[in-house]
Amino acid sequence: VISLAGIVYAKSVRVAGDKMDESILQYIKRKHNLAIGERTAEEIKTTLGDVLPEEPYETMDIKGRDLVSGIPKTLTITSKEIQSAISEQVEVIVDAVRVALEQTPPELCADVAERGIVLTGGGALLRALDTLIGEETGLHVQVADDPLTCVARGGGRALELVATDYLSIGDYVLTGGELPAMVMIDCISRLVPGVLNNDVSAEFESFHDNLLEYPQYTRPEEY
């Protein structure tokens, strides 16, 4: 939950596209005795992945190795089956959203209700995920423009602002002219995990140590 250019609450779950690919792979293996590769599992996800499939269900022919006979085999699967295969991962994502909303300060709830939720990342491309989250939360949910790259482009935009303005972290005020982008990325990349885990104090100490690796860019006596 972001407000006033800061993180109000953050929760991270280890569920993403790779986990869904693995679930699809294991589902096909368990249900149809067919061994498929990771690339095929990803293709199935992008083609049939739908958290709220409707009849008539989409179908797809896939090829793999029959685990009984050991010879190549072709079978047809449906989007309904893929919904079952990835249901656990989808539920984890929905639960994470629900917990984040429960932990949001009351004074920000009105803003969340008004502005809704924005989905980013490759997982946002999973069909009907925005609809499902909207049904579960009662909020407006939209998928960001170009969700695959919008976070990276936003990070780049933030670094551009650093180059012309300044970034304040803890007791340091780091100006763009003093801290090159690669140094900024290195230090912030070590800081962010602590922020997401709500362990900011420990990460600030780590951030301080990281800056000491670049003494030419920090002047503690002035900041």
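## Close-up views of a predicted model

**Figure 1. The whole chain.** The protein chain exposes about 13700 Å², and carbon and sulfur atoms supply 52% of that area. The model is predicted. Of the chain's 223 residues, 34% count as buried. Its secondary structure comes to eight helices and nine strands. Among contacts with a separation of 6 or more, 58% join residues 24 or more positions apart.

**Figure 2. Confidence along the chain.** The mean pLDDT of the protein chain is 78, and 71% of the residues score at least 70. Among the elements, strand E4 (residues 59-66) has the highest mean pLDDT, 95. Strand E9 (residues 172-175) has the lowest, 46. Over residues 168-184 the pLDDT is below 50. Beyond near neighbours in sequence, this stretch has 38 contacts in the model. Residues 214-223 also stay under 50 in pLDDT. For residues 214-223, the model has 13 contacts beyond four places in sequence.

**Figure 3. Helix H1 against helix H2.** The axes of H1 (residues 17-32) and H2 (residues 38-48) come within 8 Å. They cross at roughly 105 degrees. Angles of 65 to 115 degrees count as roughly perpendicular, so H1 and H2 are roughly perpendicular to each other. H1 brings Gly 17, Met 20, Asp 21, Ile 24 and Leu 25 to the contact. H2 brings Glu 38, Ala 41, Glu 42, Ile 44 and Lys 45. By class, the residues of this contact are five nonpolar, one polar and four charged. An α-helix has 3.6 residues a turn, so residues three or four places apart point the same way.

**Figure 4. Helix H5 and its buried residues.** Leu 129, Leu 132, Ile 133 and Gly 134 are the buried residues of H5. These buried residues pack against helix H3 (79-103), strand E6 and strand E7 (141-143). Just after H5 comes Gly 138, with a positive phi of about 75 degrees.

**Figure 5. Gly 121 in its loop.** Gly 121 lies in the loop between strand E6 (117-119) and helix H5 (129-137). Is Gly 121 buried or partly exposed? Its relative accessible area is 22%. Buried means under 20%, and exposed means over 50%, so Gly 121 is partly exposed. Gly 121 and Pro 147 are 26 residues apart in sequence. In space, their C-alpha atoms are 4.9 Å apart.

Key: Residues are numbered from 1 along each chain as its sequence is written. This is a predicted model: local features need pLDDT of at least 70, side-chain atom pairs count only at pLDDT 80 or more; totals for chains, interfaces and linings use all residues. Side-chain values use heavy atoms; hydrogens and water are left out. Helices (H or I, at least four residues) and strands (E, at least two) are DSSP runs, numbered from the N terminus. Buried means under 20% relative accessible area, exposed over 50%, partly exposed in between (1.4 Å probe, protein chains only). pLDDT is the predictor's confidence in each residue, from 0 to 100. Contact means heavy atoms within 4.5 Å. Axes are lines fitted to C-alpha atoms, for helices over the stretch in contact, and angles run from 0 to 180 degrees between N-to-C directions. Angles under 35 degrees count as roughly parallel, over 145 as roughly antiparallel, 65 to 115 as roughly perpendicular and the rest as oblique. Ala, Val, Leu, Ile, Met, Phe, Trp, Tyr, Cys and Pro count as nonpolar, Asp, Glu, Lys and Arg as charged, and the others, Gly among them, as polar. Accessible areas come from the Shrake-Rupley method with a 1.4 Å probe; for residues, only the protein chains shown count as cover.
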